[in-house]
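Hi everyone, thanks for coming. Let me put the structure up, and then I'll walk you through the ligand, a helix and the domains.

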Amino acid sequence: MMRLYQRTDCPFCWKVRLALVELNIEFETVDTALGEKHEEVMRLSPTGTVPVLVDGDLSIWESGVILDYLDHHYGPGALYPADTAEQCRTRLLHAYSDKVVGGCVKDLVFEKRSKPESQWNAEVIEQSLANWQKCLDWLEPYFSGHFAGHSPDAGLSAADCAIAARLGVAAAYGVAVTSRHPNLYTWYEQVIARPQWQTAYPTSFIRTE
Ligand SMILES: N[C@@H](CCC(=O)N[C@@H](CS)C(=O)NCC(=O)O)C(=O)O
């Protein structure tokens, strides 16, 4: 059985978990804690980061490569559209999610999870929210009510898994997608209505205060 080393609320891990559940792949999880130098993870991954997916003697320590592996192993076409241009768009959305979406809301998440509300820095939160809106503005045209790069009956694409996990983290810290972004709003509602979303949902969110 595949084994996923993870931190349950890490958006990279959440993305991978969602893909595994969407593809109906049986897997077991090993949870690590924030900042922990987990012995197995340190041995399996040169970056020491999670997620790490182990399948037999193969250890994959980069979330995008994990999704590529799952797509090839169980597809291809399971997580990426077959059409080359559509596939490229899906990969770019996935890259945008990893590189930009998380960064927008990171300061807000760190602020909220590490301090009591009375000590939250309003300026940091306001700046994050402004960044977040810009990021949603950029994403909006890509979500016309269908799953990104896939038809709804094909299930979630790699980009869907990545962005849904990011939006899920933001939502857990009080940052919602609203009707100001109607395409994204409709898409997110569809994603969170899926039973797979409930199955892959983090068992807890870190609070460090
Ligand atoms: N590029 C990596 C990023 C993974 C990453 O940054 N993971 C974070 C958790 S969100 C991590 O393991 N940080 C070290 C720690 O939590 O101790 C990937 O896509 O897998």
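Around the ligand you'll find Arg7, Cys10, Phe12, Leu34, Gly35, Thr49, Val50, Pro51, Glu62, Ser63, Gly64 and Asp98, each with its C-beta atom, placed from the backbone, within 6 Å. This is a predicted model, where local features need pLDDT of at least 70, side-chain atom pairs count only at pLDDT 80 or more, and totals for chains, interfaces and linings use all residues. Residues are numbered from 1 along each chain as its sequence is written.

Now, helix H4, residues 84-114; helices here are DSSP runs (H or I, at least four residues), numbered from the N terminus. Where does H4 bend? At Lys106, by about 45 degrees, the angle between axes fitted to the seven residues ending there and the seven starting there.

Which helices do the buried residues of H4 pack against? They pack against H3 (63-74), H5 (122-139) and H6 (158-172). Among those buried residues are Leu93, His94, Val101 and Lys112, where buried means 20 or more other C-beta atoms within 10 Å of a residue's own, all placed from the backbone.

Finally, the domains: domain 1 is 2-74 and domain 2 is 84-200, with bounds from an automatic or database domain assignment. Their centres, taken over C-alpha atoms, are 20 Å apart. In all, 12 residues of domain 1 are in contact with 16 of domain 2, meaning C-beta atoms, placed from the backbone, within 7 Å. On the domain 1 side, H1 (11-22) and H3 are the elements giving two or more residues, and H1 has the largest share, eight residues.

Technical notes
Expected span 1.5 Å × (residues − 1). Buried ≥ 20, exposed ≤ 12 C-beta atoms within 10 Å, placed from the backbone. Contact = placed C-beta atoms within 7 Å.
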